[in-house]
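This report goes through the domains, the nonpolar cores, a helix pair, the chain contact and some backbone details of the model shown below.

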Amino acid sequence: MVIIVAILALVVVNALGESPWGVFSVGMTIPIALFMGVYLRYLRPGKVMEVSIIGFVFLMAAIIGGGLVAQTEWGAAVFHLDKVTIAWGLLIYGFIAAILPVWLLLAPRDYLSTFMKIGVIVMLALAIIVVRPEVTVPAFSEFAGRENGPVLSGALFPFLFVTIACGALSGFHALISSGTTPKLVEKERQTRYIGYGGMLMESFVAIMALVAAISIDRGLYFAMNAPAALTGSSVETAATWVNSLGLSGVNITPGLLSETAANVGEQSIVSRTGGAPTLAVGLAHIMQQFIGGTAMMAFWYHFAIMFEALFILTAVDAGTRVARFMLQDSIGNFVPKFKEASWRPGAWLCTAIMVAAWGAVLLMGVTDPLGGINTLFPLFGIANQLLAAIALAVVLAIVAKRGTFKYLWIVALPLAFAAVVTITASYQKIFSPVPAVGYFANNAAFSKALADGKQEFGTAKTVAAMEAVVRNTAIQGWLSVIFVVLSIIVIATAVLATVKAFRDRSAGIASTDNEDPAVPSRVFAPAGLVPTAAERELAAEWARVPADARLERAGH
Amino acid sequence: MSAGMALVANGFRGFARYLGGVMGADAYAKYLEHHREAGHQEAPLSEREFWRDRTDRQDSNPQGRCC
């Protein structure tokens with residue numbers, strides 16, 4: 001949880017760093033959300049659509065206003081912030097947002113974020129169909145068969161499969177949906193189409209993002225996503241570096257890099273890692289061909305940044321809240337007072353601890369000489385997929401205990417795949433002798449350089465930077481070890497439980513499962529999106545029952 | 001002509017209702033429906049009380065978010 005929040009925050013920091021326009025328009029979302037919160041609470045409660053549209057209009061004004069403010073001298077001076085300052089700002093914001101009441105900030109921003117999300121996805125889908133962007137990227141990149149790609153190091157197997165992919169296997173989604181799906185359904189069988197439909201929608205979004213990312217120039221992609229240590233941060237060095245990669249069909253000029261930056265209203269687009277700026281450039285590239293032309297490109301770029309920042313900030317705020325409650329609960333086992341959610345000092349203390357936890361990871365990522373996203377992302381991906389393997393292991397044990405061995409392979413197969421992929425990836429991250437892949441190999445290389453009294457080594461240009469690499473790789477390495485050991489314990493326990501259930505059944509011992517007994521539904525609803533003939537008949541019958549006669553009287 | 005307009009208006013209303021459903025704007029209407037069907041004796045919460053209660057509940061039971 002802490003790592004997820006930190007990575008999300010890091011994406012925002014990377015997108016807003018050195019970008020006065022972005023800082024202003026994303027900053028404006030806070031007063032807009034506060035206004036919406038007050039409107040919904042006191043002026044017109046429950047008018048969600050109305051306030052969302054008002055908020056959306058303000059949001060567009062903030063994006064356009066951001067462009068004007070960034071052009072003025074004072075605006076550029078005030079809102080031009082480096083990444084460390086933004087990271088600290090985000091920390092303070094995260095703390096305040098997590099202790100404010102939900103109605104004031106989180107709930108209105110949730111509405112705004114949902115509104116934007118649906119709008120962007122529908123619009124981008126339309127634009128892709130109308131514009132039909134040309135994909136110039138080859139089916140297999142030159143880096144596919146190698147282990148030293150500049151954006152993410154390591155071989156395609158296993159690292160492709162630990163990249164968090166919406167619509168594919170993801171532990172984080174397993175965790176979130178376990179809590180939310182039961183609240184969305186009218187009966188248990190509907191979970192099947194919620195789960196499957198959710199997966200399809202996620203892949204739809206993922207493919208849209210993929211189209212946006214591969215329709216921009218390949219050279220541009222590498223110039224944007226490689227760490228500053230490789231590109232050298234200026235357009236000239238970045239262009240030289242990208243051309244030296246020997247990619248087919250790539251011949252990028254410094255002029256194209258500065259022209260693209262000017263088109264999207266930024267000072268530079270070199271080494272804007274984290275994915276959000278790349279997606280924003282891709283989206284702007286497609287949308288400007290649909291509406292507005294090059295003149296509108298800066299608007300579309302910041303529109304995309306806004307859309308990403310909005311839901312990431314909501315996730316950061318909500319994540320901090322959830323983590324705070326978990327901590328309060330744990331401490332509450334020893335000091336009962338902490339269990340009271342309304343006890344201010346406890347809530348504030350726990351919020352501060354959780355913010356400090358993700359803040360430390362965030363600052364580590366922001367200041368990392370190797371490029372924080374590039375080193376933290378594998379850790380995040382592996383942790384996420386290990387969580388997915390744990391989720392599958394738990395499901396395996398449940399299915400086995402219920403005695404449905406005929407269908408056990410449906411769970412066992414993906415579990416085996418996930419376990420092999422994540423354990424291989426962890427193994428390589430921990431034991432690989434290649435410094436670019438193995439955390440400890442990198443740690444040893446930098447420690448040795450320090451011991452030899454070198455003043456710079458690899459991408460770290462100062463002794464302090466070298467010490468930072470040693471510290472960061474040690475933390476990341478030990479985190480990987482802890483994650484994989486815990487996961488192996490859970491998976492092994494689940495497999496043992498499965499074997500025991502199978503033996504018990506063969507021996508004729510009745511298995512005991514911990515499932516709640518089935519409760520017949522009190523309402524009628526079809527199981528899928530399209531009701532079957534029999535369900536339609538029942539639905540018609542159900543509709544004929546007067547509303548106040550549908551349920552048995554509870555008697556209160 | 002007017003029949004066509006009515007059809008368009010109807011379609012638009014349906015679309016707005018669908019969008020409202022996706023956004024969670026119809027929570028109070030759903031609550032009223034449930035309240036009626038469940039046959040509670042006491043009067044339902046007013047719209048203002050309902051939304052206040054809803055956000056206060058979110059305050060004490062935070063939920064995670066994902067993409």
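## Domains of chain A

What distance separates the centres of domain 1 of chain A and domain 2 of chain A, taken over C-alpha atoms? In this predicted model, the two centres are separated by 28 Å. The domain assignment of chain A places residues 2–134 + 215–366 in domain 1 and residues 368–506 in domain 2.

The contact between these domains takes 13 residues from domain 1 of chain A and 13 residues from domain 2 of chain A. On the side of domain 1 that touches domain 2, helix H1 (2–16), helix H11 (228–231) and helix H16 (344–367) of chain A each supply at least two residues, and the largest share, five residues, comes from H1(A). The residues of this side of domain 1 divide into nine nonpolar, four polar and no charged.

## Nonpolar cores

The largest nonpolar core holds 135 residues, of which Ala9(A) and Val12(A) touch the most other members. H15(A) gives the most to this core, with 21 residues, and the core draws at least three residues from each of domain 1 and domain 2 of chain A. If residues up to four places away in sequence are not counted, Val12(A) touches Leu90(A), Ala309(A), Ile312(A) and Leu313(A). Another core, of six residues, lies apart from the largest one, and among its members are Leu370(A), Ala445(A), Ala460(A) and Met466(A).

## Packing of H6 and H15

Helix H6 (residues 106–131) of chain A packs against helix H15 (residues 297–332) of chain A at an angle of about 140°, with the axes 9 Å apart, and H6(A) passes H15(A) in a left-handed crossing. From H6(A), the contact is made by Leu106(A), Arg109(A), Asp110(A), Leu112(A), Ser113(A), Met116(A), Lys117(A) and Val120(A), while H15(A) contributes Phe307(A), Leu310(A), Phe311(A), Thr314(A), Asp317(A) and Ala318(A). The residues of this contact divide into eight nonpolar, two polar and four charged.

## Contact between chains A and B

The contact takes 36 residues from chain A and 26 residues from chain B. On the side of chain A that touches chain B, helix H2 (20–43), helix H3 (48–71), H6, helix H8 (171–184) and H15 of chain A each supply at least two residues. H15(A) gives the most to this side, with seven residues, and the residues of the side divide into 22 nonpolar, nine polar and five charged.

Most residues other than glycine have a negative phi, and most peptide bonds are trans. Glu18(A), although not a glycine, has a positive phi of about 60° and lies in the loop between H1 and H2 of chain A. Ser233(A), likewise not a glycine, has a positive phi of about 70° and lies in the loop between H11 and H12 of chain A. The peptide bond from Phe157(A) to Pro158(A) is cis, with omega near 5°, and Pro158(A) lies in helix H7 (residues 156–159) of chain A.

Glu18(A) counts as partly exposed because it has 16 C-beta neighbours inside 10 Å, and Ser233(A) counts as partly exposed with 13 such neighbours. Glu236(A), whose place is in helix H12 (residues 235–244) of chain A, is partly exposed, with 13 other C-beta atoms within 10 Å. Glu236(A) and Leu34(A) are 202 residues apart in sequence and 44 Å apart in space, C-alpha to C-alpha.

How values were computed: Residues numbered from 1 in each chain as written. Chains lettered and ligands numbered in written order. Predicted model: local features only at pLDDT ≥ 70, side-chain atom pairs only at ≥ 80, totals over all residues. Axes fitted to C-alpha atoms, helices over the stretch in contact; angles between N-to-C directions. Helix = DSSP H or I, 4+ residues; strand = E, 2+ residues; numbered from the N terminus. Left-handed = near helix turned anticlockwise from the far one by under 90°. Contact = placed C-beta atoms within 7 Å. Nonpolar A, V, L, I, M, F, W, Y, C, P; charged D, E, K, R; others polar. Domains from an automatic or database assignment. Core = buried A, V, L, I, M, F, W, Y, C linked by C-beta atoms within 7 Å. Buried ≥ 20, exposed ≤ 12 C-beta atoms within 10 Å, placed from the backbone.
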